[in-house]
Amino acid sequence: MKKVYKAYFPFNLILWIFKKTMCSADRKVAMIDPVFLNILTIGKPYELNERHYNHEARHIEQVKENGRIKFIFKYLYYNIRYGYKNNPFEVDARKNE
């Protein structure tokens with residue numbers, strides 16, 4: 001299993017909100033920690049399938065390419081402007097799956 005960590009505040013709250021509003025109840029959700037560049041899950045860390053892991057790993061590469069602060073602001077801006085599904089960072093990460 002590739003290293004995945006239990007989410008801590010505020011990331012656990014963000015993941016919980018995302019899961020409740022955007023996902024089916026049985027779907028596993030994960031995100032990256034843009035500060036320490038780890039992949040985080042809600043609750044006990046669990047194994048992500050290869051596709052999901054590659055998606056999150058691409059986000060880590062995007063943080064390294066853009067810088068932490070710039071990535072966070074651009075990601076939020078893109079979500080507001082284009083929506084989650086059409087966010088250029090998400091589109092790029094889906095191509096990497």
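These legends walk you through several close-up views of a predicted model.

Residues are numbered from 1 along each chain as its sequence is written, and side-chain values use heavy atoms, with hydrogens and water left out. Because this is a predicted model, local features need pLDDT of at least 70 and side-chain atom pairs count only at pLDDT 80 or more, while totals for chains, interfaces and linings use all residues.

**View 1. A nonpolar surface patch is formed by Phe9, Leu13, Trp16 and Ile17.** Together these four residues have about 440 Å² of accessible area (Shrake-Rupley method with a 1.4 Å probe; for residues, only the protein chains shown count as cover). A patch is made of residues with over 30% relative accessible area and no salt bridge, with nonpolar side chains (Val, Leu, Ile, Met, Phe, Trp, Tyr) joined within 5 Å and like charges within 9 Å; a salt bridge is a side-chain nitrogen of Lys or Arg within 4 Å of a carboxyl oxygen of Asp or Glu.

**View 2. Tryptophan 16 and leucine 13 are both members of that patch.** Tryptophan 16 sits in helix α1 (residues 11-22), and leucine 13 is in helix α1 too. Helices (H or I, at least four residues) and strands (E, at least two) are DSSP runs, numbered from the N terminus. Tryptophan 16 counts as partly exposed because its relative accessibility is 47%, and leucine 13 is partly exposed at 39%. Here, buried means under 20% relative accessible area, exposed over 50%, and partly exposed in between (1.4 Å probe, protein chains only). Look also for isoleucine 42: it is 29 residues from leucine 13 in sequence and 8.8 Å away in space, C-alpha to C-alpha.

**View 3. Histidine 52 and asparagine 54 both belong to helix α2.** This helix covers residues 50-66. Histidine 52, at 17% relative accessibility, counts as buried, whereas asparagine 54, at 21%, counts as partly exposed. Leaving aside residues up to four places away in sequence, histidine 52 touches Lys28, Val29 and Ala30, and asparagine 54 is in contact (heavy atoms within 4.5 Å) with Asn96 and Glu97. Between asparagine 54 and isoleucine 69 there are 22 Å, C-alpha to C-alpha, for a separation of 15 residues in sequence.
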